[in-house]
Amino acid sequence: MSAAISPTATPLSASMPHASCLVPSSASTTWPADRFYWSILDLPQGAARRIRSGTLPSGLRPMFEEDVPETEAGLADLHAVCMPIDEDRLLVCAVPRSALAELPVDGLALTPAASDLPAFIRGEHNSEHGSEHGGEHALAQLNLLVGAHEPLVFRRARARRTSLALITIALCAALASFGLHQRTALDHSLATDHSRSAHELAASLGRGITPADLPALVGRARQSAAAAANITEPADAAAPLAALLGAWPTAHASSVQSINAAGDVISITLTIEGDSAAADFLRVLTPPKGWTLDEPRLTALGATMTRYPRPNSDGEFSTIPVLTRINLTLRRSASGPLTAPIAAAPAPKEPRP
């Protein structure tokens, strides 16, 4: 038995981490502490905290074997377990594998006796806590039947849990596979129906049209529909023009040069004699209902001299009166009716017998 422990090291805690190597049992076996090999390994800062209680990691066995006064064959026969003491130290307890053959077949745990722990462990703990049992009892619960020497009952229980988990996973996988298979079958059926519908639609549109042409046809149809939605039906300008001509001022002699009637715009060009006749004409002119008259554009055509077209004339001259050209533009009001009502033609009378 050997020890690697510093006299100024932090004392052992009475509350040790719980793990499989710390599980006491009513069917446990207790051996005197002097039948075990004990050692305390000093590790780098925080390394012991990352080591779980149980079988000593193989990387730390060389450090432990330096403290064990055994031959190479004896060291190879040792079964060692460990327990973190604090963040920097690791407690190691070992026993020869050949000695484990003495244990009963139904044994569940092998623990060291609490009364005769090694002096370097008991002395350090008592000097710090003033107690002889608290920390010793925690160390005495160290179980060496772990790893390759785990009791058969624990192995079977773990195997049953593992088998149950594997069966559950297999059942879940089977259910998921069945659900995916059903969904695949449904998707295949829908794809078949859609393909048949696409071929029927393509055949109804004309020869040589395939389902691959349908997206382009649908795109063009949508563009045509959008363009058709923006087309407005041209409004009828015949009725407003008839109403305008019916209210035409006849008291002033005017000569109409051109009339351009569109759906929403009516343009008229005319000439009238006299300096003040144009103003009188515009004052009397009334636009049809639902129409507005833009600002008229007036152009004065000045007086000119011309010869009388008489034969044997001595060249007498005559002055042509002043003419005014008027450009009228009438526009349909936004709130006005699109089409002016047109009186229905009277029904023909039936001939009398």
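1. Start at helix α7, residues 238-246. Ala239, Pro240, Leu241 and Leu244 are buried there. Buried means under 20% relative accessible area, exposed means over 50%, and partly exposed lies in between (1.4 Å probe, protein chains only). Helices (H or I, at least four residues) and strands (E, at least two) are DSSP runs, numbered from the N terminus. The buried residues of α7 pack against four strands: β7, β8 (265-273), β9 (291-293) and β13 (323-332). Contact here means heavy atoms within 4.5 Å.

2. A word on the source. This is a predicted model: local features need pLDDT of at least 70, side-chain atom pairs count only at pLDDT 80 or more, and totals for chains, interfaces and linings use all residues. Residues are numbered from 1 along each chain as its sequence is written, and side-chain values use heavy atoms, with hydrogens and water left out.

3. Now the overall picture. The protein chain has eight helices and 13 strands. It has 353 residues, of which 31% count as buried. Accessible areas come from the Shrake-Rupley method with a 1.4 Å probe; for residues, only the protein chains shown count as cover. Take the contacts between residues at least 6 apart in sequence: 71% of them join residues at least 24 apart.

4. Is strand β2 enclosed or open? Five of its six residues (37-42) are buried, so β2 is largely enclosed by the rest of the structure. Its partner is β5, residues 89-96; the two pair in the antiparallel sense over six bridges. Strands count as paired if DSSP finds at least two bridges between them. Within this pairing, tyrosine 37 has alanine 94 of β5 as its bridge partner.

5. Look next at the surface. Leu245, Val256 and Ile259 form a nonpolar patch with about 230 Å² of accessible area together. Patches are made of residues with over 30% relative accessible area and no salt bridge; like charges are joined within 9 Å, nonpolar side chains (Val, Leu, Ile, Met, Phe, Trp, Tyr) within 5 Å. Valine 256 sits in strand β7, residues 254-261. Its relative accessible area is 40%, so valine 256 is partly exposed.

6. Side chains of opposite charge can pair when their charged atoms come close. How many salt bridges does the whole structure hold? The search finds nine. The criterion is a side-chain nitrogen of Lys or Arg within 4 Å of a carboxyl oxygen of Asp or Glu. One of them joins arginine 158 to glutamate 150, at 2.6 Å from N to O. Arginine 158 is partly exposed at 36% relative accessibility. Glutamate 150 is buried at 18%.

7. Strand β13 deserves a check. Arginine 332 meets aspartate 264 in a salt bridge, 2.9 Å from N to O. Arginine 332 lies in β13 and aspartate 264 in the loop between β7 and β8, so the pair ties together parts 68 residues apart in sequence. Arginine 332 is buried, with a relative accessible area of 11%. Aspartate 264 is partly exposed at 42%.

8. Arginine 331 forms a salt bridge too, with aspartate 294; the closest N and O atoms are 2.7 Å apart. This pair links distant parts of the chain, 37 residues apart: arginine 331 is in β13, and aspartate 294 is in the loop between β9 and β10 (297-301). Arginine 331 is partly exposed at 40% relative accessibility. Aspartate 294 is also partly exposed, at 25%.
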